[in-house]
Amino acid sequence: MLHLAPRSEGRTRSEIAAATLMLCDAGIMSYSGHVSARLPGADASFLIQSIDQPRNGLRPEHMIVCDLDGRSIAADPKLRAPIEVALHAEIYRARPDVKSVAHFHYDLATSFTLVEDVPLRLVKNHAVRWRSGIPVHDDPGHVAGAERGKALTRTLGPHHACQIRAHGQVIVAESVPAVFHDTIHFIENADAHHAAASIGKVRPLSAADLDLFEAELKRDRLVDKLWAYYLDGSRRSGVLPEGLEL
Ligand SMILES: [Zn+2]
């Protein structure tokens, strides 16, 4: 198991940096979007990257600590929070179960919000994570300010992901490795749905299919397995720098 050691602030900073770098390398994150995580031992604050730092060069020292009003409490005044920090802050305020949030703008998944008659369905087995639903937030604007953050959080409700119409995705989970795992599978499901639709009529997974997969699912083990696979490959290819505390 990878996750037996208690999380520290340093390790969480490294996890956010690694997840962001690997999502950039996978073509899921680009010049905007962010991964955040609650600060270990301090549930009313969280770590998120600074607004100005390019995602594909993110390092642990580029994270700032924000409170649940989205205010930066960073020691370095040059480090400012991203415009959409309220998206993260209001989810953490409303959802004690959420320890990490990813927000990104992946066009192929977003395209399901641009049409009227083809909602994103569950077609791959790992999409069982979203069997409660993938709501679509109707306001396509930046999730900037508390009011928009609260509105987005109401749309998300008790679910584990939502789409923002004509904008992007929000994924929530119990840790940074888990939010990374879920993001990879969310995109895999959207890609597969799109590919299937280009061949013929899409056959989504049935409730019985999802029951079967859910009964066999070992989530912690799958999260560890996928995280280890990406860390290993990303170290070999030079995507991850030396010295991350992982
Ligand atoms: Zn956005």
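User: How many helices and strands are there in the protein chain, and what pattern does the chain follow along the sequence?

Analyst: The protein chain has 7 helices and 7 strands, where helices (H or I, at least four residues) and strands (E, at least two) are DSSP runs, numbered from the N terminus. Read along the sequence, they follow the pattern α-β-β-β-α-β-α-β-α-β-β-α-α-α. Please keep in mind that this is a predicted model, in which local features need pLDDT of at least 70 and side-chain atom pairs count only at pLDDT 80 or more, while totals for chains, interfaces and linings use all residues. Residues are numbered from 1 along each chain as its sequence is written.

User: What is the radius of gyration of the protein chain, and what would a compact globule have?

Analyst: The radius of gyration is taken over C-alpha atoms, and the globule rule is 2.2 Å times the number of residues to the power 0.38. For 246 residues a compact globule would have a value near 18 Å, and the protein chain agrees with this at 17 Å. Along its principal axes, the C-alpha trace spans about 55 × 40 × 30 Å.

User: What share of the residues of the protein chain count as buried?

Analyst: A residue is buried if 20 or more other C-beta atoms, placed from the backbone, lie within 10 Å of its own, exposed if 12 or fewer, and partly exposed in between. By that count, 40% of the 246 residues are buried. L79, in the loop between β3 (63–67) and α2, counts as partly exposed because it has 18 C-beta neighbours inside 10 Å.

User: Which residues is L79 in contact with, leaving aside its neighbours within four places in sequence?

Analyst: Two residues are in contact if their C-beta atoms, placed from the backbone, lie within 7 Å. With those sequence neighbours left aside, L79 is in contact with S50, I64, S72 and A74. L79 also lies 8.7 Å from Q49, C-alpha to C-alpha, although the two are 30 residues apart in sequence. For the protein chain, among contacts with a separation of 6 or more, 68% are between residues 24 or more positions apart.

User: How do α1 and α7 lie relative to each other?

Analyst: Axes are lines fitted to C-alpha atoms, for helices over the stretch in contact, and angles run from 0 to 180 degrees between N-to-C directions. Angles under 35 degrees count as roughly parallel, over 145 as roughly antiparallel, 65 to 115 as roughly perpendicular and the rest as oblique. Helix α1 (residues 9–25) and α7 pack at about 75°, with their axes 11 Å apart, and are therefore roughly perpendicular to each other. A18, L21, M22 and D25 of α1 make the contact with Y230, L231 and S234 of α7. S234, found in helix α7 (residues 219–236), is 7.0 Å from M22, C-alpha to C-alpha, across 212 residues of sequence.

User: At roughly what angle do the axes of α2 and α4 cross?

Analyst: The axes of helix α2 (residues 85–94) and helix α4 (residues 146–156) come within 8 Å and cross at roughly 55°, which makes α2 oblique to α4. Their contact includes A86, L87 and I91 of α2 and L152 and L156 of α4.

User: Where is A166, and what is its phi?

Analyst: A166 lies in the loop between β6 (161–164) and β7 (168–173). Its phi is positive, about 55°, although A166 is not a glycine.
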